[in-house]
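Here is a short report on a protein model. Please look over the chain before reading on.

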Amino acid sequence: MAEDQQLAAQLAGGNWIWTLAAFFGMGLLLTFTPCVLPMIPILSSLIVGQRRSGENPRAAGFVLSLAYVLPMAATYAILGVAAAMAGANLQMLFQNVWFIGIFSVLFMVLALAMFGAFELELPRALRQRLDAGLSKQRGGRFKGVAVMGVLSALLVGPCMTAPLAGALLFIADTGNPWLGGVALLALGLGMGAPLVLIGTLGSQLLPRPGAWMTRVKALFGFVLLGMAIWFVARIFSDALVLGLWGALGLGAAIALVAMARGNGTGSILPQFATASAAIIGLWSTLILIGAAGGANDPWRPLSVYVASGVATASKDASESGPIAFDDVKDLATLERRVQATANSGQMTLVEFTADWCVSCEVIEREVFSDPAVKKALQDVQRLSIDVTDYDAEDQAIMQYFGIVGPPTLMWFGPDGREQRSTRIIGELDAEAFLDRYAQARHSANESTEG
């Protein structure tokens, strides 16, 4: 049984209290995934930027963290209700390239605010009215933090991984909007609990507002720019992304030099900052040079210029396209193609993809363009189902196989049946894909022998 299928079955088999506890625990685990970890520097930067002189650090951090986490959890609750009522492919809305681009721009705008280009706050008159209505410690800042919590839930939240797919499958199957809403509310609270803890305890350790905030805000500005690059990495080419990382590193080196000069020479800190700036600046320059030649490895940025030269590297890049898939539109055609190949003793790989699915592009670039994967799939029939339009035929075939959304990969053995335990949901690398392929072949051989 596949991971998403196992989770859905386990959730359906328990009472609602255990179900909510399971969703809360799953949220805690998801906090430590690459999709959710970016929330930590975002929340920290908001606390640093919004804390006011004279405030109790612990209370301010706790309240601001709650203002961030509760709207985030409420947004997940709304998604749970939507999943229970429609069972729709939510990733169609939140993996769209335009959404990712907008959120990346938002990160850059926030970074500019951290660098002191402008202040993110409501007009003074409105802020004073809010202060009078609530308290001298509160104001429009909570609205901004809450909006960031909602946006984070929509776009920085977990990608289409097996745990989330299983959760949505369970919610869609129950058809209970109340359970769906409360379950994903518990998931959001689980994801937010560590954020509240970090925001509360972290703020207590911060010194009083002063000149140090300029440096801290600048640090978070670079972190936010890094988050923006991390987002657009799924949209831009590897070489362009590498160049952006190089430019970010060069900017960080320049900032370190400025910080070293500002601190004088009375301590070891300026010397350390200068040495770090030299190393970071030199390596970032090498990364920029490598990116200009089409490199994609930050640890070997100049490898494209070695041995065979730039021309050979360009030729290799042009020949490293993904392996081809045959397009299939409806269920009848899919079953006919699978059965015809099964009669000849071959396996079939079926992918569910969409133009708006960013994770699908990552798999195409990092898995289906890998030479080892292309060689392994030479004797495998490869079929692609594009659900970009999500029309009646797309919905019918997805419902037939219990597909929550792309990217999903299915293996069919020589008997024409899916090897359900080896179904792939979400992103993975080439090595993991080959391991799953080996499992599918083993399962298919056992089915044939049996």
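## Salt bridges and surroundings

The side chains of Lys-329 and Asp-394 meet in a salt bridge, 3.2 Å from N to O. Lys-329 lies in the loop between β1 and α15, and Asp-394 in helix α18, so the pair ties together parts that are 65 residues apart in sequence. The model is a predicted one.

Asp-394 counts as buried because its relative accessibility is 0%, and buried means under 20%. Lys-329 is partly exposed, with a relative accessible area of 34%.

Lys-329 also forms a salt bridge with Asp-391. Here the closest N and O atoms are 3.3 Å apart. This pair links distant parts of the chain, 62 residues apart. Lys-329 sits in the loop between β1 (326-327) and α15 (331-343). Asp-391 sits in the loop between β3 (381-386) and α18 (392-401). At 27% relative accessibility, Asp-391 counts as partly exposed. Salt bridges that share partners join Lys-329, Asp-391 and Asp-394 into one network.

The structure holds six salt bridges. Among them is the pair of Arg-365 and Asp-238, whose closest N and O atoms are 3.3 Å apart. Arg-365 belongs to helix α16 (residues 358-366), and Asp-238 to helix α12 (residues 238-262). This pair also links distant parts of the chain, 127 residues apart. Arg-365 is partly exposed at 26% relative accessibility. Asp-238 is partly exposed too, at 32%.

| Residue | Partner | N to O distance |
|---|---|---|
| Lys-329 | Asp-394 | 3.2 Å |
| Lys-329 | Asp-391 | 3.3 Å |
| Arg-365 | Asp-238 | 3.3 Å |

## A strand residue

Is Thr-408 buried or exposed? Thr-408 counts as buried because its relative accessibility is 2%. The residue lies in strand β4 (residues 408-412).

Which residues does Thr-408 contact, leaving aside its neighbours within four places in sequence? The partners are Val-350, Glu-351, Phe-352, Ile-403, Arg-423, Ile-424 and Ile-425.

## A nonpolar patch

Now to the surface. Phe-24, Leu-28, Leu-70, Leu-185 and Leu-189 form a nonpolar patch there. Together these residues have about 360 Å² of accessible area.

Leu-28 is one of the patch residues and lies in helix α2. Its relative accessible area is 31%, so Leu-28 counts as partly exposed.

## The chain as a whole

The chain has 19 helices and five strands. Of its 450 residues, 45% count as buried. The accessible surface comes to about 22,100 Å². Carbon and sulfur atoms hold 63% of that surface.

How much of the contact total comes from residues 24 or more positions apart? Such residues account for 77% of the contacts in the chain with a separation of 6 or more.

Note on methods: Residues numbered from 1 in each chain as written. Predicted model: local features only at pLDDT ≥ 70, side-chain atom pairs only at ≥ 80, totals over all residues. Heavy atoms only, no water. Salt bridge = Lys/Arg side-chain N within 4 Å of Asp/Glu carboxyl O. Helix = DSSP H or I, 4+ residues; strand = E, 2+ residues; numbered from the N terminus. Buried < 20%, exposed > 50% of the residue type's maximum accessible area, 1.4 Å probe, protein only. Contact = heavy atoms within 4.5 Å. Patch = residues over 30% accessible without salt bridge, like charges linked within 9 Å, V, L, I, M, F, W, Y side chains within 5 Å. Areas by Shrake-Rupley, 256 points an atom, 1.4 Å probe, with all protein chains shown as cover.
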